[in-house]
Amino acid sequence: MATQKVFSTDGEVSGQTVRSVVEGVGQFSSTYKDRALNILDDHGLPEPEEDEWYSWGAYIDAFEELADTVGPKTVTKIGSEIPELVDWPPTIDSVAGGLEALDEQYQNTHRGDEIGYYDFEKTGDRGGVMEAKNPYPASLDEGLLKATAEKFSGDDAFVRVEQTSDGDVTTFQISW
């Protein structure tokens with residue numbers, strides 16, 4: 001079973017976020033994509049539109065069911081698709097800049113009182129630590145962080161993401 005943290009479910013999530021899950025599993029097969037759409041429908045989120053807002057509680061319940069269905073590797077893949085769907089500010093020109101911008105992107109696609117955060121601290125020329133406090137499985141964050149770092153790194157960079165703690169706040173060591 002996918003490990004998800006307890007959060008308030010009173011918020012909302014953007015349709016862009018909901019669609020990213022569908023597109024992420026769709027990278028594997030049309031069967032997974034259909035399954036994701038069926039699960040979303042079962043939770044009151046039929047055919048999500050990118051410019052709409054949806055119940056966060058329903059989405060978290062649907063995501064948990066989907067994560068249990070497809071497994072952690074596919075959840076990591078879903079996370080790795082997210083950076084390609086984000087409208088990044090044109091001023092971001094480095095890995096650290098991309099990782100620092102994740103919280104703003106998260107805040108723009110989730111709204112409510114207790115939605116969580118991402119907090120990046122650069123610890124060296126080619127590394128840093130990310131704290132993630134959100135209801136998503138660590139495997140999703142791992143894919144998201146690695147793909148974000150790869151998006152903003154040079155072609156020769158090897159990106160490594162290692163989860164170093166879990167709990168209310170999950171910590172990741174990132175190097176590139």
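Glu81 touches Gly24 and Gln27, leaving aside residues up to four places away in sequence. This is a predicted model. Glu81 sits in helix H4, residues 72-85, and is buried, with a relative accessible area of 15%.

- Glu81 forms a salt bridge with Lys77, and the closest N and O atoms are 2.8 Å apart.
- Both Glu81 and Lys77 lie in helix H4. They are four residues apart, about one turn of the helix.
- Glu81 counts as buried because its relative accessibility is 15%, and buried means under 20%.
- Lys77 counts as partly exposed, at 27% relative accessibility.

**Other salt bridges**

- The count of salt bridges comes to eight.
- One of the pairs is Arg35 with Glu65, where the closest N and O atoms are 3.5 Å apart. This pair links distant parts of the chain. Arg35 is in helix H2 (residues 30-42), Glu65 is in helix H3, and the two are 30 residues apart.
- Arg35 is partly exposed, with a relative accessible area of 31%. Glu65 is partly exposed too, with a value of 27%.
- Arg160 and Glu162 also meet through their side chains in a salt bridge, at 3.2 Å from N to O.
- Arg160 counts as partly exposed at 47% relative accessibility. Glu162 is partly exposed at 36%.
- A network of salt bridges links Arg19, Glu23 and Lys33.

**Packing of H4 on H6**

- Two packed helices are described by the angle between their axes and the distance between the axes.
- For H4 and helix H6 (residues 138-152), the axes come within 7 Å. They cross at roughly 40°.
- The crossing of H4 and H6 is right-handed.
- On the H4 side, the contact is made by Pro72, Val75, Thr76, Ile78, Gly79, Ser80, Ile82, Pro83 and Glu84.
- On the H6 side, the contact is made by Ser139, Leu140, Gly143, Leu144, Ala147, Thr148 and Lys151.
- By class, the contact of H4 with H6 has eight nonpolar, six polar and two charged residues.

**The nonpolar core and Tyr59**

- The largest nonpolar core has 47 residues. Tyr59, Leu99, Tyr136 and Ile174 touch the most other members.
- H3 gives the most to this core, with nine residues.
- Tyr59 is found in helix H3, residues 56-70.
- Is Tyr59 buried or exposed? Tyr59 is buried, with a relative accessible area of 2%. That value puts Tyr59 in the buried class because the class covers residues under 20%.
- Which residues does Tyr59 touch, not counting those up to four places away in sequence? The contacts are Val13, Thr17, Val18, Val21, Leu40, Leu45 and Tyr136.
- Tyr59 and Thr109 are 50 residues apart in sequence. Their C-alpha atoms are 13 Å apart in space.

- Glu47 is in the loop between H2 and strand S2, residues 53-55.
- Most residues other than glycine have a negative phi.
- Phi of Glu47 is near 40°, a positive value in a residue other than glycine.
- Glu47 is exposed, with a relative accessible area of 65%. It belongs to that class because exposed means over 50%.
- Asp10 is found in the segment before strand S1, residues 12-14.
- Asp10 is exposed, with a relative accessible area of 71%.
- Where does Asp10 stand relative to Gly57 in sequence and in space? The two are 47 residues apart in sequence and 6.4 Å apart in space, C-alpha to C-alpha.

Conventions
Residues numbered from 1 in each chain as written. Predicted model: local features only at pLDDT ≥ 70, side-chain atom pairs only at ≥ 80, totals over all residues. Heavy atoms only, no water. Buried < 20%, exposed > 50% of the residue type's maximum accessible area, 1.4 Å probe, protein only. Contact = heavy atoms within 4.5 Å. Salt bridge = Lys/Arg side-chain N within 4 Å of Asp/Glu carboxyl O. Axes fitted to C-alpha atoms, helices over the stretch in contact; angles between N-to-C directions. Left-handed = near helix turned anticlockwise from the far one by under 90°. Nonpolar A, V, L, I, M, F, W, Y, C, P; charged D, E, K, R; others polar. Core = buried A, V, L, I, M, F, W, Y, C linked by side-chain atoms within 4.5 Å.
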